Amino acid sequence: MSTTRRPVALITGGTRGIGLGIARVLASRGWDLALGGMRPAPEVEGAVGELRDSGADVFYVAGDIAKAADRSALVDATEAHFGRLNALVNNAGRAPRVRADLLEATEESFEDVLRTNLNGPYFLTQRVAPRLVRQRRAAPGEPVGIVFVTSVSATMVSPNRGEYCVSKAGLAMAASLFAVRLAADGVPVFDVRPGVIATDMTATVKEAYDQRIADGLIPSGRWGTPEDVGKMVAALLAGDVPYATGSVIHVDGGLAVPRL
Ligand SMILES: NC(=O)c1ccc[n+]([C@@H]2O[C@H](COP(=O)([O-])OP(=O)(O)OC[C@H]3O[C@@H](n4cnc5c(N)ncnc54)[C@H](OP(=O)(O)O)[C@@H]3O)[C@@H](O)[C@H]2O)c1
């Protein structure tokens, strides 16, 4: 990295699962980190401590991404702590509380999932983007960028969690929108689509996916890891994939490739 000052990334949901995988790789490559999440600070001390031990300045803010006041608090606290911000990783997201058939799932679940998975990152990005534009102007040599962690579910259909699929399809459009809006300002935006990644989110369906992977669901023949996604996000935010804003990048072992 060519800068002398460590760049700062804000990662929502950064203390476990894919978000922690992203945090680990970024910290190891010279980034400082602002991490968001729902759990109170004492519950994430382990993850935060581990990242600090790797040399990063790590700052945690608890809050609900679905709430406007919490999004504001997250951004303001990050700015107050670091005085700068180079990148936003919209990672926080959730599955429906129950997997229900498309014909039976409730409107309440739909709204619940969309508030977290779509409204939250959409409006957080709206709030952060002007700061990144200012950062780009003030320090053109430093990395900047935005990553949306969407999903293969942006296009692949699961009729037992329709609200999740709709939220990720909407988030993919949000990534495209912000990519076009911010391109001339020099802030690249990427849509990173994980496949089946081993985290708490997928722990409840582990056995079913073990079987489906053994049966050939994923061409690469294995679960993905948070580190797989972390390495991709770190490459994108380092500027190693230039002239590519708006790109969709799958980290899915070939899962989304249509097959005959
Ligand atoms: N795992 C997969 O196979 C997979 C595949 C494709 C896409 N994804 C996407 O990748 C992202 C991360 O998933 P994961 O598997 O790492 O899930 P995870 O292990 O359940 O972690 C989710 C993270 O998001 C945070 N979060 C959830 N709701 C939040 C809210 N309302 N406000 C603030 N933070 C919130 C959680 O905070 P706490 O830690 O405080 O609870 C947690 O840190 C999600 O957007 C998910 O949809 C996952």
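An oxygen atom of the ligand is 2.7 Å from a polar backbone atom of N91, a polar contact in the sense used here (a pair of N or O atoms within 3.5 Å; within protein, one must be able to donate a hydrogen and the other to accept it, and residues adjacent in sequence count only if both atoms are side-chain atoms). Welcome to a predicted model, where local features need pLDDT of at least 70, side-chain atom pairs count only at pLDDT 80 or more, and totals for chains, interfaces and linings use all residues. Residues are numbered from 1 along each chain as its sequence is written, and side-chain values use heavy atoms, with hydrogens and water left out.

- A backbone N or O atom of R39 lies 2.7 Å from a ligand oxygen, while K168 brings a polar side-chain atom to 2.9 Å from an oxygen of the ligand.
- The protein buries 94% of the 900 Å² that the ligand exposes when taken alone (Shrake-Rupley method, 1.4 Å probe).
- Helix α6 (200–203) gives the shell its largest share, three residues (helices are DSSP runs of H or I, at least four residues, numbered from the N terminus).

**A look at S167**

- S167 sits in helix α5, which covers residues 162–183.
- S167 counts as buried because its relative accessibility is 0% (buried means under 20% relative accessible area, with a 1.4 Å probe and protein chains only).
- The side chain of S167 reaches the backbone oxygen of Y164 at 2.6 Å.
- Leaving aside neighbours within four places in sequence, S167 is in contact with V113, L114, N117 and L118 (heavy atoms within 4.5 Å).

Methods:
Helices (H or I, at least four residues) and strands (E, at least two) are DSSP runs, numbered from the N terminus. Buried means under 20% relative accessible area, exposed over 50%, partly exposed in between (1.4 Å probe, protein chains only).
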